[in-house]
Amino acid sequence: MEIFGIPTQALFGQLLIGLINGSFYALLSLGLAVIFGLLNIINFTHGAQYMMGAFCAYFLFTRLGIGYWWALAIAPLAVGLVGMVIERLMLARLYKLDHLYGLLLTFGLALIIQGLFPNEYGTSEIPYAMPQELSGGRNLGFMFLPNYRAWVILASIVMCLATWFVIEKTRLGSYLRAATENPALVQAFGINVPRMITLTYGFGVALAAFAGVMAAPIYQVNPLMGADLIIVVFAVVVIGGMGSIMGSIVTGFALGLIEGLTKVFYPEASNTVIFIIMAIVLMIKPAGLFGTQR
Amino acid sequence: MSEAALLSVAGLNAWYGESHVLHGVEFEVPRGEVVTLLGRNGVGKTTTLKAIMGMVARREGSIRFDGTQIIALPSDRIARLGVAFCPEERGVFASLNVYENLLLPPEVRPGGLTVEQVFELFPNLKERLASQGTKLSGGEQQMLAIGRILRTGARLLLLDEPTEGLAPVIVQQIGHIISRLKAEGFTILLVEQNFRFASRVADRHYVMESGRMVDMIPNAELESNLEKVHEYLGV
């Protein structure tokens, strides 16, 4: 069976890959959006923190015998905690300066982290096994769906929607949104804004680490696994709109799918399509599809 | 500090960067009174409120609230002691609807108004709960800004020009509400340029010039000092 002259297995296979990539784009750009929204910092360390999540899962398994499911909880907590220390010791000193300084600091940190890991682990991929429960897959008739990939998509959607819900529909989320607009006034209402900022950064970083653990069985563990991805994720964030929560989720998944479709219909452009869209969006709507000018 | 004073400010100096804005400000706000800070634009009235609230980074001197020294405390700790601030620009959040704006300040002490009591004071708000905060009219935004701090249980309210830019009928309504709050035992420090409004609600008036407190006029003596007040305010 064919659609537009493309075998359905190939078409849906690429769409699935697009959706998987989109899951990671969405999780990572969501973390960036949460951080940018409150801290006004473009967290260039995000890719390195994603990689640290994957390495944390690898260490937990090889050194402590702790498997995937526990790693999915422990690695985000551990990497998030490291993030909170970075925020308190370094980022907190930059809030009164231009965005550029935060970007430079986090870019430098990313280079340091991504420079240290290869010394110990090289740059080749280190295998990380997927959990037994999710091995295999099912034939849907029009395509074969590996269980682990289905899980990644589902977990990513649930995590993204849960984050959106907390930010848009709860009291805690209203503190975050208000502090994004006027942190001094929110603090004058009795809310400990500096602590909220630290926890928010920790949460954004934890999202990256969570994505890293989920990526480990698919892409393998590699010190530079976040370096290339983060460039695409920044394009996703720019297209969605800096700081927009729903923008980062929708744009993440949509661009993953567009990338997948481009691989089917015009493979030569598949590596650049996101950047082409970014350039067009910047020209037409500089604040991004879901963003507002700040 | 007199026994009755809920707030006592002495030798207060404050800076914005290199700019020295307050020069040894001294005054007291007795418990249960409405006190106004009068003065022309730029004399330091808003800065005084912000310094009390801990929102000016560099401040020196003494600010005692209910006997507790608060000069070195961060603003969230000051709020938790029972001081609430309603800023000049109202500070209604665009990303929050009216209900979320109303519930934003946490309850810091028991004894605050319930949401229903706030609606009783400001019935307009009840009809606009789902609206974006900044889509309200100026008067409604002011009601929201005052209403939300009444929920917190704070005993001292710092109101920065609550009548600025509002229609006379709304100004009158805000005046009634301030009088009612006073009757219910709230202590209020009010920054005003509209001294006619201030004279209807306040017990005493402090006058500021160039970052200094230059005079205190009890409300009962305001009429006999009108010429002086006009001169202070440049009316």
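**The A–B interface and a helix pair in chain B**

Me: What is the area buried between chain A and chain B?
Reply: Carbon and sulfur atoms give 60% of the area buried between the two chains, an accessible area (1.4 Å probe) lost on putting them together and summed over both. This is a predicted model, in which local features need pLDDT of at least 70 and side-chain atom pairs pLDDT 80 or more, while totals for chains, interfaces and linings use all residues. Residues are numbered from 1 along each chain as written, chains are lettered from A and ligands numbered from 1 in written order, and side-chain values use heavy atoms, without hydrogens and water. The buried area is about 1,600 Å².

Me: Which residues form the salt bridge across the interface of chain A and chain B?
Reply: The rule finds one salt bridge here, defined as a side-chain nitrogen of Lys or Arg within 4 Å of a carboxyl oxygen of Asp or Glu. The N to O distance is 2.9 Å, and the side chains that meet are those of B:Glu100 and A:Arg177.

Me: How do the axes of H6(B) and H7(B) run relative to each other?
Reply: Helices are DSSP runs (H or I, at least four residues) numbered from the N terminus; these two span residues 138-150 and 168-183 of chain B. Their axes, lines fitted to C-alpha atoms over the stretch in contact, come within 10 Å and cross at roughly 10°, with angles running from 0 to 180 degrees between N-to-C directions. Angles under 35 degrees count as roughly parallel. H6(B) and H7(B) are therefore roughly parallel.

Notes: Angles under 35 degrees count as roughly parallel, over 145 as roughly antiparallel, 65 to 115 as roughly perpendicular and the rest as oblique.
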